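I opened my notebook for a new chain today. The plan is to look things up one by one and jot down what I find.

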Amino acid sequence: MEISQQRDVARPRARGTERSLARRAELIAIGRKLFADTSYDALSMDDIARQAHVAKGLIYYYFQSKRGYYLAIINDSVADLVTFAASGHELSQLDRVQRTMESYLRWAEHNQAAYRTIVSGGVGFDTEVHAIRDGVRAAIVETIADGAYGRRDISRLARMGLFGWVCSVEGATLEWISGPDLSRETMRELLVKTLGGTLRAIEELDPTYPAPAPARRDG
């Protein structure tokens, strides 16, 4: 299931008036601030209601549970990241990749608790959080494929190469936010350069997928 579809599924069916949707969006915006650097287990529903200055019943009304509220917050936040990453078609290949990595790192830096939840798979074995993570991975892979090859329907080999790079980005980003002694700019350039290595490896194994000029050693 794609991020946008998950977002739609999480919306209340019988409460879909314009006013209720606006109120729901307001609660999600509040939750994004509350959970930006706080883990799921660290806040009770009473804590959330008190800090959000709302009745606890209102959160249950729109989201049914604390978990439902947290998943809606993560979905909304990640959807913004994915939408931004998929835009920028007017930019050069290199600029688009740098922009995507900059937004990815900035999001992880400012939403550390949520990022750790997504990458680690949620609270226990959480299939819904796994689906969010998989959606982000697929979106990044497709964004890079579109920029590098001009299309998203790439071969299995090329897709596996890019998928492996995205997984390495996750691990490196987790380590980076744990002790950001490297600047975001340096981290971004490191990830972009490792992508260049991945694109060259794909070309070596399958010449029908040539690395774009910015990724070539002589480019």
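I began at aspartate 206, which lies in the segment after α10. (Helices are DSSP runs of H or I with at least four residues, strands are runs of E with at least two, and both are numbered from the N terminus.) Before going on, I noted that this is a predicted model, where local features need pLDDT of at least 70, side-chain atom pairs count only at pLDDT 80 or more, and totals for chains, interfaces and linings use all residues. I also wrote down that residues are numbered from 1 along each chain as its sequence is written, and that side-chain values use heavy atoms, with hydrogens and water left out.

Is aspartate 206 buried or exposed? Aspartate 206 has a relative accessible area of 17%, so it counts as buried. (Buried means under 20% relative accessible area, exposed over 50%, and partly exposed in between, with a 1.4 Å probe and protein chains only.)

Next I checked what aspartate 206 touches. Leaving out residues up to four places away in sequence, I found Ser155 and Leu157. (A contact means heavy atoms within 4.5 Å.) Serine 155 is 51 residues from aspartate 206 along the chain, yet their C-alpha atoms are separated by 9.4 Å. The side chain of aspartate 206 also makes a polar contact with the side chain of threonine 208, at 2.5 Å. (A polar contact is a pair of N or O atoms within 3.5 Å; within protein, one must be able to donate a hydrogen and the other to accept it, and residues adjacent in sequence count only if both atoms are side-chain atoms.)

**The whole chain**

Then I zoomed out. I got 10 helices and 0 strands for the chain. Buried residues make up 47% of its 219 residues. Of the contacts with a separation of 6 or more, 65% are between residues 24 or more positions apart.

How confident is the predictor? The chain averages a pLDDT of 83, and 86% of the residues score at least 70. (pLDDT is the predictor's confidence in each residue, from 0 to 100.) Over residues 4-15, pLDDT stays under 50. Where pLDDT is low, the predicted coordinates should not be read in detail.

**Helices α9 and α6**

Among the buried residues of α9 I listed Trp165, Val169 and Trp176. What covers the buried residues of α9? The cover includes α6, α7, α8 and α10.

**Isoleucine 73**

I found isoleucine 73 in helix α5, residues 66-86. Isoleucine 73 has a relative accessible area of 4%, so I marked it as buried. Not counting residues up to four places away in sequence, isoleucine 73 touches Ile28, Gly31, Arg32 and Phe35.

In α4, residues 56-63, I found Ile59, Tyr62 and Phe63 buried. Looking down the axis of α4, I saw these fall within an arc of 80 degrees, so they line one face of the helix. (The arc is that of the directions from the helix axis to the C-beta atoms.)

Histidine 53 sits in the loop between α3 and α4. Its phi is near 60 degrees, a positive value in a residue other than glycine. At 72% relative accessibility, histidine 53 counts as exposed. Glutamine 64, in the loop between α4 and α5, has a phi near 70 degrees, which is positive too.

**Aromatic pairs**

How many aromatic pairs does the structure hold? I noted 7. (Rings of Phe, Tyr and Trp, with its six-membered ring, pair if their centres lie within 6.5 Å; planes under 30 degrees apart count as stacked, over 60 as edge-to-face and the rest as tilted.) Tyrosine 61 and tyrosine 62 have ring centres 5.0 Å apart and planes at 90 degrees, so that pair is edge-to-face.
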